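Try each task before reading its solution.

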Amino acid sequence: CKQSWKMAGYNWAGHTELFATRTKAKRSAMMFVSEALKVVLATCHVPLMDIRNVLTIGRVHDAIDLAAEGCMQLGISNPRIGVTGLNPHAGEDGLLGDEEQRLIKPAIKLARNNGIDVQGPFPADTLFSKSDSFDVIVAMYHDQGLIPVKLLSFGTAVNWTPGLPIIRTSPDHG
């Protein structure tokens with residue numbers, strides 16, 4: 001319970017951040033794994049109003065790279081990765097926000113230059129309906145990725161934290 005942590009004097013946003021700090025991981029991500037869907041979050045426990053200030057090219061690239069590494073550890077040798085946009089309709093070429101052009105597309109280009117099979121950004125509301133075209137989807141924020149996971153796999157998905165020097169898992173529902 002995050003409220004109990006706060007009352008005890010700790011300020012961890014979640015277990016993912018706690019384990020990343022305690023293990024001195026340079027980067028980590030929440031990855032939800034189920035038979036129906038695999039999702040990696042570019043940001044974890046960040047208030048929606050703060051996403052725009054936290055999302056960076058590096059953070060999106062790390063999520064893509066950790067998604068690829070996580071899939072390889074799961075036995076998917078050449079993972080196909082789909083990436084959501086942040087804004088409705090993936091920004092409509094800047095008409096509904098510039099994060100896709102300014103942050104997400106450069107991160108995708110960098111990942112492609114590193115040999116990762118990644119496509120996007122796609123509107124999240126349609127990408128998840130085509131999830132069988134990808135081995136994993138990178139979502140920009142918590143609820144964007146977790147609503148589809150919990151709708152399709154509640155109670156059967158596993159939350160795994162790639163990037164840590166230890167194996168860390170938890171149930172999909174916390």
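**Exercise 1. Count the helices and strands of the chain, then write down their order.**

Step 1. The chain has 7 helices and 7 strands. Both are DSSP runs numbered from the N terminus, with helices being H or I over at least four residues and strands being E over at least two.

Step 2. Reading from the N terminus, the order is α-α-β-β-α-α-β-α-β-α-β-α-β-β.

Step 3. Before going on, note that this is a predicted model, in which local features need pLDDT of at least 70 and side-chain atom pairs count only at pLDDT 80 or more, while totals for chains, interfaces and linings use all residues. Residues are numbered from 1 along each chain as its sequence is written, and side-chain values use heavy atoms, with hydrogens and water left out.

**Exercise 2. Compare the radius of gyration of the chain with that of a compact globule.**

Step 1. The radius of gyration is taken over C-alpha atoms, and the globule rule is 2.2 Å times the number of residues to the power 0.38.

Step 2. For 174 residues the rule puts a compact globule near 16 Å, and the chain's 15 Å agrees with this.

Step 3. The C-alpha trace spans about 45 × 35 × 30 Å along its principal axes.

Step 4. Of the 174 residues, 44% are buried. Buried means under 20% relative accessible area, exposed means over 50%, and partly exposed lies in between (1.4 Å probe, protein chains only).

Step 5. Now look at contacts, meaning heavy atoms within 4.5 Å. Among those between residues at least 6 apart in sequence, 64% join residues at least 24 apart.

**Exercise 3. Find the salt-bridge partners of R27 and say where they sit.**

Step 1. Apply the rule: a side-chain nitrogen of Lys or Arg lies within 4 Å of a carboxyl oxygen of Asp or Glu. The count comes to 8 salt bridges.

Step 2. R27 pairs with D62, with the closest N and O atoms 3.4 Å apart. This pair links distant parts of the chain, 35 residues apart: R27 is in the loop between α2 (15-22) and β1 (31-33), and D62 is in helix α4 (residues 57-73).

Step 3. R27 also forms a salt bridge with D65, at 2.7 Å from N to O. D65 belongs to helix α4 and lies 38 residues from R27.

Step 4. Another partner is E69, whose closest N–O distance to R27 is 2.9 Å. E69 is in helix α4 too, 42 residues from R27.

Step 5. Together, R27, D62, D65 and E69 are linked in a network of salt bridges.

Step 6. Check the accessibility of each member. R27 is partly exposed at 24%, as is D62 at 28% and E69 at 31%. D65 is buried because its relative accessible area is 17%, under the 20% limit.

**Exercise 4. Which residues of the largest nonpolar core touch the most other members?**

Step 1. A nonpolar core is a set of buried Ala, Val, Leu, Ile, Met, Phe, Trp, Tyr and Cys residues joined through side-chain atoms within 4.5 Å.

Step 2. The largest core holds 28 residues, and those touching the most other members are V40, I64, I81, V83, V118, V138 and M140.

Step 3. At least two residues each come from β1, α4, β3, α5 and β5 (136-139). The largest share is that of α4, with 7 residues.

Step 4. Take V40 and leave aside its neighbours within four places in sequence: its contacts include A63, A67, V136 and V138.

Step 5. There is also a second, separate core of 15 residues, with V39, A124, L127 and F128 among them.

**Exercise 5. Inspect the backbone at P121, H89 and E92.**

Step 1. G120 and P121 are joined by a cis peptide bond, with omega about -5 degrees. P121 is in strand β4 (residues 117-122).

Step 2. H89 is not a glycine, yet its phi is positive, about 55 degrees. E92, also not a glycine, has a positive phi of about 50 degrees.

Step 3. Locate both: H89 is in the loop between β3 (80-84) and α5 (99-113), and E92 is in the loop between β3 and α5.

Step 4. H89 counts as partly exposed at 47% relative accessibility, and E92 counts as partly exposed at 38%.
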